[in-house]
Each structure stands twice: as C-alpha cells, then as structure tokens.
Amino acid sequence: MIKIIIFLSIILNIILIFFLNKKKIKKIIYKKKIKEIDISKVHEIFEFEKISSNLLGPKENAIIKSFCISPDNKVIGMTSDYEAWILSTLSKISNKIFEFGTCSGKTTFLMALNSPEEAKIYTITLNLEMTNDIKKNNLDNRISFRNIKNESTYEKFLFSGSEVEKKINVIFENSINFNENKYQNSFDLIFIDGGHTYSIVKNDSEKSFKMINKNGIILWHDYVPGKESAKDVVKYLHTISKGKKIYHIKNTSLCYYKNNE
Ligand SMILES: C[S@@+](CC[C@H](N)C(=O)[O-])C[C@H]1O[C@@H](n2cnc3c(N)ncnc32)[C@H](O)[C@@H]1O
C-alpha cells in the first residue's frame, strides 16, 4: 500500500512540475533555430534614448499614433503592443506597404495612421464565404487550417470610415490565386500574417520575396516554436533561414528579412 502511495505521489509531483514549468520545458523541447537580433539592429529609428540609468525611451521619430480596442471585440491573432509599435514605426519610413491577412484591420489601421501622407497600403484577406474554397494540403497543420475560418469574419474593418482609409486598398482574394507579377520590386514593407498553414505561408513568402524592393523589409508574425497554431510558420521559417538571412526580433514573435542582396 505504502509503495502505491509513494508511486502515485511521485507521478503527481512530476505532473505538477510539468504544468508549473510548461513554458520553460517547451523552450527546451522546441528550440528557436533562427538567430535573434535586437530591434536597434533592424533600423536606426529604433535606437533608444537613455532617459536615466534604468530607463530607455523612444526617440522623437519613433513616437507613433496608436489606439486601443475593447477586449469585448474578442479579436484573435492580434500583435502585442511592442510588435504593433515596431510595425507602426517602420510604416513611418515606408511609402508602399503590403499586408497578408487583414482580420480586424488593427495593423492596417496603424500602418495607415503612421505612414507618410502619400503612402499606399495593400492588404489581402478573406471573408467567411471565401473560406469554403480554401484547400487543406497534406502538410498543412489542422489547427492553423481551422483558424482561417475563425479569423475571416470581417467585411468592415477598424479603419472603415476613418480619415486614413483612402490610403488603404483591401483585396478580398485567396492569396494563393493572387498575381504578384505587377507588384515586382514594389514594396518597402511587407507584413506576412495571413493563413498560418504551410502552403499559405510558403505562397505568401515566395510572393513577398518577389514584391519587396531593394532595402525593403519583410516581417512574419507568429514565430513561436511550440505553439500549435504557429507550427507551420515556424517550420517554414526554419527551412528558408538555411539559405536566407532571416532573424528573429528579440522579445517578439516577429521574424525579419532585409532585401539588401
Ligand atoms: C492572423 S489574422 C491577421 C491579423 C492582422 N494582420 C492583424 O495584425 O490584426 C489572419 C488573416 O489572414 C486571412 N487569410 C487567411 N488565409 C488567407 C488566404 N489564403 N488569402 C488571403 N487571406 C487569408 C484571414 O482572412 C485573416 O484576415
């Protein structure tokens, strides 16, 4: 009897330790294979100003226009505050921007609010009806595929009716069918945050490599090893980072590529 109690308490302790250290254990099992860089290495606009010995603040040109939305909206797949600041700051120095995946239009709105007056922003997305035509390939993660439906519920966006809406061109189309040829070498900034299945991330990335201009920047969202819904994003980025200079931006789920070849 005592042996059984000891055995059960060991098992319970192991389970408890696992749950209490889930994040740390995941970090060991699912290693990041992409080199990490500090945001200050992405662009000089991100260099911080030393306010005091324990406080770093943004420089004048990295102060952005932003907003909050009510948590009652229950929007899924949003960027963190820090990621939103990075995307907004890069928009300040980008005249032509492309986004894969609009969802509620949070990032699109930030890009429009912070980009130069004459900037143009293209954002490609699906509505619910269009998701019926999305095909799951054998390699595609089941949860990422299911999420496409949950995230494609918008016909109107956070920027709809706003002053900056005139900068934005929403393309309702499956990015798999999107013809990138007329946009070759066009964009200063591309944000890849559309479908998170392997086939879609691969498609959107390959099109982005053609559409980015010299010195342009591509950012991918959701590089989170160990997160089930981000599995295909991680797998694709690990594969292409063997041949391309892709970096993971510290303290974010963003990966970064600069087209300076
Ligand atoms: C994670 S959400 C985008 C979040 C948004 N970028 C933001 O920062 O708020 C994913 C979006 O990708 C779109 N999407 C998924 N698969 C797509 C595809 N094959 N073609 C076009 N858009 C797609 C969905 O409709 C959804 O709007």
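Residues are numbered from 1 along each chain as its sequence is written. Because the model is predicted, local features need pLDDT of at least 70 and side-chain atom pairs count only at pLDDT 80 or more, while totals for chains, interfaces and linings use all residues.

The chain contains 7 helices and 10 strands, these being DSSP runs numbered from the N terminus (helices H or I, at least four residues; strands E, at least two). Along the principal axes, its C-alpha atoms fill a box of roughly 80 × 55 × 45 Å. Domain 1 covers 1-30 and domain 2 covers 35-258, with bounds from an automatic or database domain assignment. Their C-alpha centres are 38 Å apart.

Of the 261 residues, 37% count as buried, that is, with 20 or more other C-beta atoms within 10 Å of their own, C-beta atoms being placed from the backbone.

The ligand has 24 residues around it, and Gly 77, Gly 101, Cys 103, Thr 107 and Gly 195 come nearest; a residue is near if its C-beta atom, placed from the backbone, lies within 6 Å. Two or more residues of this shell come from each of α4 (106-114), β5 (120-125) and α5 (142-151).

Helix α7 spans residues 231-240, and its buried residues are Lys 231, Asp 232, Val 233, Val 234, Tyr 236 and Leu 237. Among the elements that cover these buried residues are α5, α6 (198-211), β8 (212-220), β9 (246-249) and β10 (255-258).

Notes. A residue is buried if 20 or more other C-beta atoms lie within 10 Å of its own, exposed if 12 or fewer, and partly exposed in between; C-beta atoms are placed from the backbone. Two residues are in contact if their C-beta atoms, placed from the backbone, lie within 7 Å.
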